[in-house]
Amino acid sequence: MNKYITTAIPYVNGEPHIGHAVDYCLADSAARYFRLRGDEVRFQAGTDEHGNKISLKAKELNIPVAEYVATNSNKFQEFIKKLNISYTDFIRTTDAAHKKRVQEIWRKLKDHIYMSKYEGWYCVGCERFVTDKEYVENHGNCPDHQKPYEKLSEENYYFRISDFKSRIVEAINNNEMQILPEYRKNEILKLIEDSPDVSISRPRSQLAWGVPVPDDDNQVMYVWLDALSNYITVLGYPDEEISAWWPATVQIVGKDILRFHAIIWPAMLLGLNLPLPKVILSHGMILANGEKMSKSIGNVINPVEVIERHGIDAFRYYFLRHVDTFADSDFTWEKFEEAYNNELANDLGNIVQRLSTLAAKNGFKMPDYLPEISTEYTDLMDKFEFSKAMDYIWTNLQDLNRRINDEKPWELAKNGDTEKLHNCLHSLISDLLNANLMLSPFLPNVTEKIEQIFASEIIPPEVPLFPKQ
Ligand code: MSP
């Protein structure tokens, strides 16, 4: 079957941080899992490059904006490669093909677009129009960006969300468009109910860095309309037939941007007569020592430092297991190092070292073996319960470590009981290879190494897979 997986496209007004890694690690685990099951996968990533937030930053740094976004987009691409993300498509919203396609999308939505006056508030950090109610609730300051909302009074285009509200509510309620986790559903339904029609353009005098509205030189498209379209323009829409890949199997986003994906995006799709995504998965935020990570607090953790200190497998391991798939989770160096030493070094690393050394010393060769995955595992993976699937694999590994201790293959070796020893090693290594296969969507590098170590000629690693730190 064909599966299409998408990730949110980050703004390029800064460098990648560990929060950005969450989308990629989750999406990559889904992609590799589907491939393991025999599916064809298309997997999009990209960068969101328009809007005032970005052009203001470039101006502040005195760099031409096109150059600034190109440099930062490259940094994101390098980051994704460092994380060993198996994406198939990368889109930049400044790509000429994307811009042309977004303009065609606008034309197709024309019946649901009207001109009106916007009198209200805007947060450039969120790139979001803010209602009077929110303005009052937040005392005029954006809680996420700690900055006062800007007052806007301008003519712009509106998108008539009200044309689609009841269809979206129905699709969410009957799980045609499933919102994960389930507990966010009600919050989203309430937001839809309260959602007014949305502004989808700004006067050119207020926003120059964006896609021009077709047939109106005075207006530029709102950055979210442009950004959300990436999920289909990257497939070639509307120039190419996209039904082989669309609707998306799963769209992965942070909970902070779920509202855009569960309201404006489905409304756009319905306006285009396209089906809704099957699942929108919203993950939690990574906190640093219990606080939101932010440049102004100065607690942003640099992912490159984490990878350089402990390696990519440890990085992916922590973010996929100890960062809960759905809830907010904390990152601290202490927790990270504890997980590295206790779980990667003591559990997985140790099992590999013990079994491969015993096998090599006693002339045991592994006959052809096709590892198996269990239904407990597939049930969790099919529900995108990644951190729970990791817990499950780890329970298996800990059981295996216990079995090695109980069955004491080294004593069988000492007693010269070769047949018993070989049977015992065969069974233990088979279990390890089963766990290894289930782990492969999460930790592609180390699991490939383990597979090679236990290929018929068993060769123990010269240095432990996870040297104690
Ligand atoms: N440009 C928009 C997305 C447009 S998608 C059509 C945007 N960019 S972002 O750079 O702010 O965020 C990109 C992704 O990173 C989002 O899914 C966001 O939730 C995620 N994260 C950013 N900071 C995060 C954490 N601290 N923790 C977890 N995820 C975080 O929003």
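**Entry 1: Asn62**

I began with Asn62, which is exposed, with a relative accessible area of 70%. I note at once that I am reading a predicted model. I placed Asn62 in the loop between helix H2 (52-61) and helix H3 (65-82). Next I looked up the backbone angle. Asn62 is not a glycine, yet its phi is positive, about 60 degrees. For background, most residues other than glycine have a negative phi.

**Entry 2: Glu127**

I then turned to Glu127. Its phi is near 50 degrees, again a positive value in a residue other than glycine. Where does Glu127 lie? I found Glu127 in the loop between S4 and S5. Is Glu127 buried or exposed? Its relative accessible area is 2%, and buried means under 20%, so Glu127 counts as buried. Asn62, by comparison, is exposed.

**Entry 3: the sheet with S4 and S5**

S4 and S5 belong to an open sheet of four strands. I wrote down the order as S5-S4-S8-S10, with antiparallel pairing. Which strands stand at the edges? They are strand S5 (128-130) and strand S10 (198-199). Each has a single partner strand, so one side of each is left without a neighbour in the sheet.

I also looked inside the sheet. Strand S4 (residues 113-123) and strand S8 (residues 150-159) are joined by ten bridges. These two strands run antiparallel. Tyr114 has Tyr158 in S8 as its bridge partner.

**Entry 4: cysteines**

I searched for disulfides next. A disulfide is a covalent bond between the sulfur atoms of two cysteines. The structure holds zero of them. Cys142 is in no disulfide, and the nearest cysteine sulfur belongs to Cys123, 3.8 Å away. The cut-off for a disulfide is 2.5 Å, so a pair of sulfur atoms has to lie within that distance to count. I checked burial too. Cys142 is buried, at a relative accessible area of 3%. Cys424 is also buried, with a value of 9%.

**Entry 5: two cis peptide bonds**

I went on to the peptide bonds. Most peptide bonds are trans. The bond from Leu180 to Pro181 is cis, with omega near -5 degrees. Pro181 sits in the loop between strand S9 (178-180) and helix H7 (185-194). Trp246 and Pro247 are also joined by a cis peptide bond, with omega about 10 degrees. I located Pro247 in the loop between H8 and S13.

**Entry 6: the ligand**

H8 and S13 turned up again when I looked at the ligand. Helix H1 (18-36), helix H8 (223-233) and strand S13 (250-254) each supply at least two residues of the shell around it. Which element gives the most to that shell? H8 does, with five residues.

There are 24 residues around the ligand. Those that come nearest are Ile9, Asp48, Gly254, Asp256 and Ile286. By type, I listed the shell as 13 nonpolar, eight polar and three charged residues.

A nitrogen atom of the ligand lies 2.8 Å from a backbone N or O atom of Ile9. A polar backbone atom of Gly19 is 3.2 Å from a nitrogen atom of the ligand. How much of the ligand does the protein bury? The ligand taken alone exposes 660 Å², and the protein buries 92% of that.

I returned to helix H2 for one more residue. Asn52 is found in H2. It counts as buried, at 15% relative accessibility. A polar atom of the Asn52 side chain lies 2.9 Å from the backbone oxygen of Gln206.

My last stop was Pro275. I found it in the loop between helix H9 (258-271) and strand S14 (279-283). Is Pro275 buried, partly exposed or exposed? It is partly exposed, with a relative accessible area of 40%. I also looked up how far Pro275 is from Met177. They are 98 residues apart in sequence. In space, they are 9.4 Å apart, C-alpha to C-alpha.

Conventions. Residues are numbered from 1 along each chain as its sequence is written. This is a predicted model: local features need pLDDT of at least 70, side-chain atom pairs count only at pLDDT 80 or more; totals for chains, interfaces and linings use all residues. Side-chain values use heavy atoms; hydrogens and water are left out. A residue is near a molecule or strand if one of its heavy atoms lies within 4 Å of it. A polar contact is a pair of N or O atoms within 3.5 Å; within protein, one must be able to donate a hydrogen and the other to accept it, and residues adjacent in sequence count only if both atoms are side-chain atoms. Accessible areas come from the Shrake-Rupley method with a 1.4 Å probe; for residues, only the protein chains shown count as cover. Ala, Val, Leu, Ile, Met, Phe, Trp, Tyr, Cys and Pro count as nonpolar, Asp, Glu, Lys and Arg as charged, and the others, Gly among them, as polar. Buried means under 20% relative accessible area, exposed over 50%, partly exposed in between (1.4 Å probe, protein chains only). Two strands pair if DSSP finds at least two bridges between them.
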